[in-house]
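Please open the structure in the viewer and keep the selection tool at hand.

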Amino acid sequence: MICEIESNERLSGDIFDMRVVSDALASAKPGQIAHFLCGAKALRRPLSVADAADGKARFLYEVRGEGTRYLSALHAGDTVDVLGPVGQGFTVTEGRALLVGGGIGVFPLLSLARAYGDRSAALLGFRSADAVVCDGDFERFCDSVAVITDDGSSGRRGYVSELLEEALTYVGGLVDIIHVCGPRAMMASCATVAERFGVRCEVSMEERMACGIGACLGCAVKMKGKSGVETYRRACADGPVFDAADIDWS
Ligand SMILES: Cc1cc2nc3c(=O)[nH]c(=O)nc-3n(C[C@H](O)[C@H](O)[C@H](O)COP(=O)(O)OP(=O)(O)OC[C@H]3O[C@@H](n4cnc5c(N)ncnc54)[C@H](O)[C@@H]3O)c2cc1C
Ligand code: FES
């Protein structure tokens with residue numbers, strides 16, 4: 001599908017904010033992804049639909065290599081070849097949700113913030129103050145937003161899993177579900193905390209992808225197998241969102 005780019009601006013550092021005109025992409029459910037053709041690169045690059053409204057989808061991305069560098073050079077009015085929305089997104093419940101993001105893992109949580117509105121609280125963890133991004137966007141939708149950084153240069157010093165533990169200690173009984181996206185170790189810690197408090201937890205697994213359509217098994221996520229049998233599921237087709245309790249975090 002060829003789509004027009006409405007805007008593609010640098011937010012800060014290597015982070016870009018791109019809005020794409022497309023009713024199909026704008027119909028994405030929170031946590032779904034889209035695969036972008038990046039110039040001559042054979043493999044499409046997956047990005048989460050960060051927000052969707054009014055016939056436009058918003059993508060927030062960090063320039064990491066050639067593919068995302070190609071995207072960052074596109075301008076308003078240019079077109080882009082996109083496949084999506086695809087994958088299984090987050091479950092939006094009728095209750096209260098904690099949105100827990102780490103680094104650029106906060107991006108897919110933004111559409112959840114819109115969906116839950118003041119039934120949600122965001123706990124956002126970053127390396128340092130210069131990596132803090134989108135906190136203002138979460139403030140627009142969520143009941144409360146807390147930022148924590150590894151070095152204490154913005155918000156409190158520590159890890160976002162500590163904030164989660166504190167939040168569950170004080171208001172755990174009111175929380176219906178926890179949605180998490182970030183580095184694997186951070187998601188594993190959050191999954192452990194959620195399990196301890198007995199609160200349902202979903203994670204978005206950002207595995208490296210190849211075909212993006214469920215054919216190559218390149219994005220396999222190891223699940224807790226039954227009776228010692230190893231079980232894998234495809235992040236691109238069966239995920240990227242999974243129940244944290246089903247994942248083998250070892
Ligand atoms: C389900 C899913 C959703 C994603 N959503 C977003 C998003 O919303 N915003 C965003 O900025 N990025 C997102 N990513 C990561 C993004 O797809 C990669 O950063 C991008 O494909 C890198 O392509 P590249 O050609 O620029 O870099 P490459 O040259 O392919 O890689 C550059 C560097 O990035 C690392 N890298 C590449 N892919 C990943 C990955 N999946 N996880 C960790 N490290 C990786 C490589 O190991 C390498 O060090 C998502 C990935 C997945 C699987
Ligand atoms: S990337 Fe090929 S199966 Fe998921």
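How many helices and strands does the secondary structure of the protein chain contain? The model, which is predicted, has six helices and 16 strands.

**The whole chain.** Buried residues account for 45% of the 250 residues. Of the contacts with a separation of 6 or more, 59% are between residues 24 or more positions apart.

**The sheet.** Next, select the seven strands of the open sheet, whose order is β11-β10-β9-β8-β12-β13-β16 and whose pairing is mixed. Which strands form the edges? They are β11 (156-157) and β16 (241-243), each of which pairs on one side only.

Now select residues 144-149, which form strand β10. Strand β10 runs parallel to β11, and two bridges join them. Select T149 as well: the residue opposite T149 is R157 in β11.

**The helices on the sheet.** Select residues 160-171 to display helix α5, which lies across β8 (96-102), β9 (120-126), β10 and β12 (175-181). The direction of α5 is at about 155° to β9. Finally, select residues 184-197, helix α6, which also packs on the sheet. Helix α6 touches β8, β9, β12 and β13 (200-204), and the angle between the directions of α6 and β13 is about 170°.

Note on methods:
Residues are numbered from 1 along each chain as its sequence is written. Chains are lettered from A and ligands numbered from 1 in the order in which they are written. This is a predicted model: local features need pLDDT of at least 70, side-chain atom pairs count only at pLDDT 80 or more; totals for chains, interfaces and linings use all residues. Helices (H or I, at least four residues) and strands (E, at least two) are DSSP runs, numbered from the N terminus. A residue is buried if 20 or more other C-beta atoms lie within 10 Å of its own, exposed if 12 or fewer, and partly exposed in between; C-beta atoms are placed from the backbone. Two residues are in contact if their C-beta atoms, placed from the backbone, lie within 7 Å. Two strands pair if DSSP finds at least two bridges between them. Axes are lines fitted to C-alpha atoms, for helices over the stretch in contact, and angles run from 0 to 180 degrees between N-to-C directions.
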